[in-house]
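Grab your viewer and try each task before reading its solution.

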Amino acid sequence: MECNMLGDKLRWLRQYAGYPQWRVAEIIGKDRSTYAYYETGRVSPSYPTLLKLSELFDVSCDYLIDDRIPVKEFPAWPRKSIATRIPPWTNLQNISYRAYG
C-alpha cells in the first residue's frame with residue numbers, strides 16, 4: 001500500500017473541520033473531483049493551491065508536505081477558527097459556516 005501522507009492530512013483536517021469535499025473545493029476554487037484526487041494521492045496540488053489549503057486549515061505548508069510529521073501532529077490547531085472566517089483570497093459570498101467545538 002502506497003503512503004499518501006498529504007492526502008491523509010488533507011482528509012483528516014477536512015473532516016476535523018466538518019467540511020464536505022465539495023465545500024473545500026469551492027473555497028479553493030477547484031472542482032470537487034480534483035480535490036478528491038488530492039486526498040487520494042492521484043494528483044498533487046500546485047504550490048498556490050497548497051498555500052490556499054494551508055491558510056484554510058491554518059497549518060503550515062511544511063506540515064502538509066513533510067512526510068516525517070504524522071497526520072494528527074500539528075501545533076495547537078486551530079489557532080484561528082476556520083469555521084468563522086472566509087480566507088481573504090476567496091471571492092465567495094454568503095458562505096454558511098458551522099462552528100465546531
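**Exercise 1: aromatic pairs**

A search of the whole structure turns up 2 aromatic pairs (rings of Phe, Tyr and Trp, with its six-membered ring, pair if their centres lie within 6.5 Å; planes under 30 degrees apart count as stacked, over 60 as edge-to-face and the rest as tilted). Before you start, note that this is a predicted model, where local features need pLDDT of at least 70 and side-chain atom pairs count only at pLDDT 80 or more, while totals for chains, interfaces and linings use all residues. Residues are numbered from 1 along each chain as its sequence is written, and side-chain values use heavy atoms, with hydrogens and water left out.

Task: work out how the rings of W12 and Y16 are arranged, then do likewise for Y35 and Y38.

Solution. 
- Step 1. For W12 and Y16, the ring centres are 5.0 Å apart and the planes sit at 15°, so call this pair stacked.
- Step 2. Helices here are DSSP runs (H or I, at least four residues; strands are E, at least two), numbered from the N terminus.

**Exercise 2: helix packing**

Task: describe how α2 packs with α3, then how α1 packs with α3.

Solution. 
- Step 1. Helix α2 (residues 21–28) and helix α3 (residues 32–40) meet at an angle of about 105°, with axes 8 Å apart. The axes are lines fitted to C-alpha atoms, for helices over the stretch in contact, and angles run from 0 to 180 degrees between N-to-C directions.
- Step 2. That makes α2 and α3 roughly perpendicular to each other (65 to 115 degrees; under 35 is roughly parallel, over 145 roughly antiparallel and the rest oblique).
- Step 3. List the contact (heavy atoms within 4.5 Å): α2 brings Q21, W22, V24, A25 and I28, and α3 brings R32, Y35, A36, Y38 and E39.
- Step 4. Now α1 and α3: the angle is about 120° and the axes are 6 Å apart, therefore α1 and α3 are oblique to each other.
- Step 5. Here the contact is made by G7, D8, L10, R11 and R14 of α1 with Y35, Y38, E39 and T40 of α3.

**Exercise 3: charges over rings**

Task: which ring does the charged end of R42 sit over, and what surrounds that residue?

Solution. 
- Step 1. R42 has its charged end over the ring of Y37, 4.4 Å from the centre (NZ of Lys or CZ of Arg must be within 6 Å of the ring centre and within 35 degrees of the ring normal).
- Step 2. Y37 is in helix α3 and is partly exposed, with a relative accessible area of 30%.
- Step 3. Leaving out residues up to four places away in sequence, Y37 touches R42 and V43.
- Step 4. For another case, take K9, which lies over the face of Y63 at 4.6 Å from the ring centre.

Notes. Buried means under 20% relative accessible area, exposed over 50%, partly exposed in between (1.4 Å probe, protein chains only).
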